[in-house]
There are 2 protein chains.
Amino acid sequence: MTYFERLSRRCEETAGICVGIDPHGGVLDTWSMSHDVHGVERFAMGVIEALGDQVAAFKPQSAFFEMWGSPGIAVLERCISAIRETGALVILDVKRGDIGSTMQAYAQAYLGDGPLGVDAITVSPYLGFGALQPAFEMALNHGRGVYVLARTSNPEGADIQLGSTHGGAQVAQGIVDQGQAWNDMAGANVVSLVVGGTHADLGIDLTEFTSSLLIPGIGTQGGTISGLESSMGGTQAVLLPSVSREVLMAGPDPQGLRDAVSRVLPS
Amino acid sequence: MTYFERLSRRCEETAGICVGIDPHGGVLDTWSMSHDVHGVERFAMGVIEALGDQVAAFKPQSAFFEMWGSPGIAVLERCISAIRETGALVILDVKRGDIGSTMQAYAQAYLGDGPLGVDAITVSPYLGFGALQPAFEMALNHGRGVYVLARTSNPEGADIQLGSTHGGAQVAQGIVDQGQAWNDMAGANVVSLVVGGTHADLGIDLTEFTSSLLIPGIGTQGGTISGLESSMGGTQAVLLPSVSREVLMAGPDPQGLRDAVSRVLPS
């Protein structure tokens, strides 16, 4: 099965949202966890155990594991295994983007069968959509997905993303259109997109886009799932809203975490 | 001392170039090294021992360590320590770029005092130059440097980089100008730039830029150090040409590596 098929099925069987695993200092304090790899691991495993059967996917934020060096990456590897056991998908938020053999190495790291191999990753297109090709190919061949940053949730994102390419297209729209064209060519929904849930007007047309949209910015950042109907209006894509702080700060009590997930779902 | 001061001094004392540490399959084969973490470590240590007293900096490419998971990151940590002992600077090529607490975590990971703390890193501005602020501040406070991708060496890079921002500036030129403005405001050359050495015409004006320019694309990709005088013409910046394959493929013989460095220097 492709990543897109697994995601679509999982969205039907669960609450259909993604929960970020962001072990930053503030959430570790709220959970009374130590600021070290042990605290990070206990926190992450607590989130996974409490919500693994409820959510479509978890999105570990790589930065919060990388900051502890190789022992932090070892914790990330164990989290990936633990998520797998729950049946939820793993979208690793790494925002990698490079060229040639380096992009190929990132694809092998995260879309291959190694210890950090996951269901999907995020990638960043500053070096050109075409430079991401090794990741798309690896994903196609291994049943994985790639979320390209198109229009991010933060205000500073507008500067480049709403600008225009050398060829004259709007940058974010160019990512949408090139992503759809790649999927059409491959005959599979491999290329997906990151679009922020914080914008009343995204400034891009997603009507023709058929793969999946990962939508951060839900909850504390201000976006709501019910608000997505208008901002993402008319798209054929599978929407995957992603919430982090709003849910994580409701822990460590497992029921508190589950209640927080229920609260962000449209009533 | 700031990163910029350390780099400037080191460039005077050595050949003034940066050598990439890119343990991809091709170079491991040439060195008759196994395709595993042991081969990666022996290769990297061989490069560091042979060239540590000759070059200004080494640029390990994070992807080739990440692809081996946490044991690969442990090798990267040992390489960073080994480079430090030679006196050469470490520019870790990670091309990270995120927002808020996540960008802060990347800054702590790579510009702090942890096991992956280095002299400088590369970052990617698709989420906006302003989103990189936590890295600039960490670098300022810890005497480190940050290389923002401006105009990369690959052909696909032109699409976004030579386009225009929402505000109407050329994207790459906007990075140059915002970088210089940040340094002027901070009173220190913290923000540096990545500009490819492969372009006859860069399409950006670097005349007023006073920090450092990391210039990949020298050697196999087609750029030459003598060619930089015209393509980077008139800049006040400290130029740091970076060469990888052209030197690495001359190993594992240490003298072969040193001769390869001499060959890429202008006669």
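Biologist: How many cavities of 30 Å³ or more are there?
Modeller: The count comes to two cavities of 30 Å³ or more. A cavity here is a set of points on a 1 Å grid over the protein atoms alone, where a 1.4 Å probe fits but cannot get out, and lining residues have an atom within 4 Å of a point. Points are joined across faces, edges and corners, and the volume is the space filled by probe spheres set on them.

Biologist: Before we go on, what should I know about the model?
Modeller: It's a predicted model: local features need pLDDT of at least 70, side-chain atom pairs count only at pLDDT 80 or more, and totals for chains, interfaces and linings use all residues. Residues are numbered from 1 along each chain as its sequence is written, chains are lettered from A and ligands numbered from 1 in the order in which they are written, and side-chain values use heavy atoms, with hydrogens and water left out.

Biologist: OK, what lines the largest cavity?
Modeller: Residues of chains A and B, including A:S62, A:R96, B:R96 and B:Y110. The space in there is about 70 Å³.

Biologist: Switching topic, how do strands pair in chain A's barrel?
Modeller: In parallel: eight strands form a closed barrel, in the order β1-β2-β3-β4-β5-β6-β7-β8. Neighbouring strands are turned by 30 degrees against each other on average, direction ignored. Strands are DSSP runs of E with at least two residues, helices are runs of H or I with at least four, both numbered from the N terminus, and two strands pair if DSSP finds at least two bridges between them.

Biologist: Which residue is the bridge partner of A:V148?
Modeller: A:L193, in β6(A). Strands β5 (145-151) and β6 (191-195) of chain A pair over five bridges.

Biologist: How do chains A and B relate?
Modeller: A rotation of 180 degrees, with 0.0 Å of shift along its axis, superposes chain A on chain B with an RMSD of 0.0 Å. The two copies are thus related as by a two-fold rotation axis. The superposition is by least squares on C-alpha atoms of residues with pLDDT of at least 70 in both.

Methods: Axes fitted to C-alpha atoms, helices over the stretch in contact; angles between N-to-C directions. 1 Å grid on protein atoms, 1.4 Å probe; cavity = no way out; pocket = protein on both sides within 12 Å on 5 of 7 lines; lining within 4 Å.
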